[in-house]
Structure formats: C-alpha cells, structure tokens
Amino acid sequence: MTSLQRIVILTGAGVSAESGLRTFRAEDGLWEGHPVEEVATPEGFARDPDLVQRFYDERRAQVIAAQPNAAHIALGRLSGEFAGELLLVTQNIDDLHERGGARDVLHMHGQALRVWCQSCDARHDWRGTLRDGPQCPSCGAVAMRPDIVWFGEMPYQMERIFDALARADLFVSIGTSGAVYPAAGFVAQASQAGARTLELNLEPSQGSRFFDETQLGPASELVPAWVEEVLGG
C-alpha cells in the first residue's frame, strides 16, 4: 500500500468495546439502562439535568478506568509512522485513541473528559463530577454540561471531515454500526470521490454493502494486521 497518500479512518464503539466500554446503544434501545432520549438529547437534559449529569459522571469514571487495547495502539503507531495525510475521526467519547498514541484525533461526537459552559461558551478538560454544580473555570457560572454531541445537535468539524473524504485515497471504517448519520454516509461520500473503501468490523454493519471490502473479526486482531500491511511491515 505504498501508493497511499491520504487516509481517512472512522472508528466507532466496537474499537473501545474490547477495552470494557460498552457500545452506545444496546439492542433493547437502552444505554446503560436508560432510554437514549433521557440522557442523550437536549430535551432530556432540560427535563432532568441531575440525571444527565450523574449519567455522564459515571461515563467519565469508566473512561478514566479503561485502558487502550491493541487496536488503539496500532492506530497510534499508524498516525506516527504513516508518511502521507491521515485523519482519524472517532464517534467515541473516550480518550483511548490519544492514550494509544494517536495524534490529532477528531472527536465528532465530543469527549467525556471535556465540559462545555453554556454561559460563556468555554470548553475545559474535566475529570471530576458535574452533578454538584461546579463553577466554570472561565466565568464562574454554574452552567456546565458534558461536551457531548447529543441527538439533534450538529457533530463537530463536519467541514473538515467532508474535505478530507473528498481528497482521500482510502476510507476505513472500524467498529461502527453503520446506523448513525452523518457518519454512516461517509462511505458513500468517499466512494463518490474515488476512494477505495474498507470496513473492519466484528460483524457486518448496516452499511457493509457499500464498502469495496469487509473484513470481520475483533478490532484488536484486524487493526494491527491492517496497519502492518499499510506500513509495509
């Protein structure tokens, strides 16, 4: 694969599942026992902010306790050794890509370890709780929420993602369900721009038919092997 110059990688919950972080939505439509509408929408936050803050306090603690697995580490190696352009986009809210060594990770759905002040619009790294109403370090207001993109909100840096997809030689989707838009549409956009497309997943996703190639298996096995191939190891 020495001819590759520009790669766009999209990762989903399947990459972090082997680190003990559960996928976003289970088959019963619940996330950690809660209807998604209660804990992942602006309306749910408006109805019961205490519930939502407690919920993300728990997610934050889980992220801190988790460790990167072989897939995260392999992608970290790729980001450091690939000679061309590489954009790593993740739907995950954990920081395991960064702890695995990846550079410049684009978190399109936000990050569990960051907070967003609704008063002054500042964002801060955050490892503590929010349920007790701490003050914003920038303005002092008690108006912080998780820096998470909820349903009904616009994912982050979409213009940058679309630009990278339009120029990519290869688009790779790893551990995604292919069910959540706009990310589920990335494969079509990359294909239309002439990129080759590859899916690495535990099982076929809802969008598998749109990929040029699909490889099935655990991310901790597939991703290191693919990275070796790309780097010519």
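Student: What makes R114, R123, D125 and D147 a network in this predicted model?

Tutor: The four residues R114, R123, D125 and D147 are linked by salt bridges. A salt bridge requires a side-chain nitrogen of Lys or Arg within 4 Å of a carboxyl oxygen of Asp or Glu. By this rule the count comes to 15 salt bridges.

Student: How do you know that R60 and D57 form a salt bridge?

Tutor: The closest N and O atoms of R60 and D57 are 2.7 Å apart, and the cut-off is 4 Å. The pair therefore meets the definition of a salt bridge.

Student: Why are R60 and D57 said to be separated by about one helical turn?

Tutor: R60 and D57 are three residues apart in helix α4, so about one helical turn separates them. An α-helix has 3.6 residues a turn, so residues three or four places apart point the same way.

Student: How does the reach of α4 compare with the span expected at 1.5 Å a residue?

Tutor: Helix α4 has 17 residues and reaches 24 Å from its first C-alpha to its last. The expected span is 1.5 Å times one less than the number of residues, and for α4 the expected value is 24 Å, to which the reach is close.

Student: What makes the contact of R167 with E85 a salt bridge, and which parts of the chain does the pair link?

Tutor: The side chains of R167 and E85 meet at 3.0 Å, N to O; the limit is 4 Å, so the contact qualifies as a salt bridge. The pair links distant parts of the chain, with R167 in helix α7 (residues 158-167) and E85 in strand β4 (residues 85-90), 82 residues apart.

Student: Why are R167 and E85 called partly exposed?

Tutor: R167 has a relative accessible area of 35%, and E85 has one of 41%. Partly exposed denotes the range between the buried class, under 20%, and the exposed class, over 50%, so both residues belong to it.

Student: What makes the peptide bond between Y181 and P182 a cis bond, and where does P182 lie?

Tutor: Omega for the cis peptide bond joining Y181 and P182 is about 10°. P182 lies in the loop between β9 (170-174) and α8 (186-192).

Student: Which residues form the negative surface patch, and why may D48 belong to it?

Tutor: The patch is formed by E37, E38, D48 and D50. D48 has 34% relative accessibility and counts as partly exposed; membership requires over 30% and no salt bridge, so D48 meets the accessibility condition. D48 lies in the loop between α3 (42-47) and α4 (49-65).

Student: Why is G44 classed as buried, whereas P204 is classed as exposed?

Tutor: G44, in helix α3, has 1% relative accessibility and so counts as buried, the cut-off being under 20%. P204, in the loop between β10 (196-201) and β11 (213-216), has 55% and so counts as exposed, the cut-off being over 50%. The C-alpha atoms of G44 and W150 are separated by 9.8 Å, although these residues are 106 residues apart along the chain.

Methods:
Residues numbered from 1 in each chain as written. Predicted model: local features only at pLDDT ≥ 70, side-chain atom pairs only at ≥ 80, totals over all residues. Heavy atoms only, no water. Patch = residues over 30% accessible without salt bridge, like charges linked within 9 Å, V, L, I, M, F, W, Y side chains within 5 Å. Areas by Shrake-Rupley, 256 points an atom, 1.4 Å probe, with all protein chains shown as cover. Lys, Arg positive; Asp, Glu negative; His and termini not counted. Charge placed at Lys NZ, Arg CZ, Asp CG, Glu CD. Helix = DSSP H or I, 4+ residues; strand = E, 2+ residues; numbered from the N terminus. Buried < 20%, exposed > 50% of the residue type's maximum accessible area, 1.4 Å probe, protein only.
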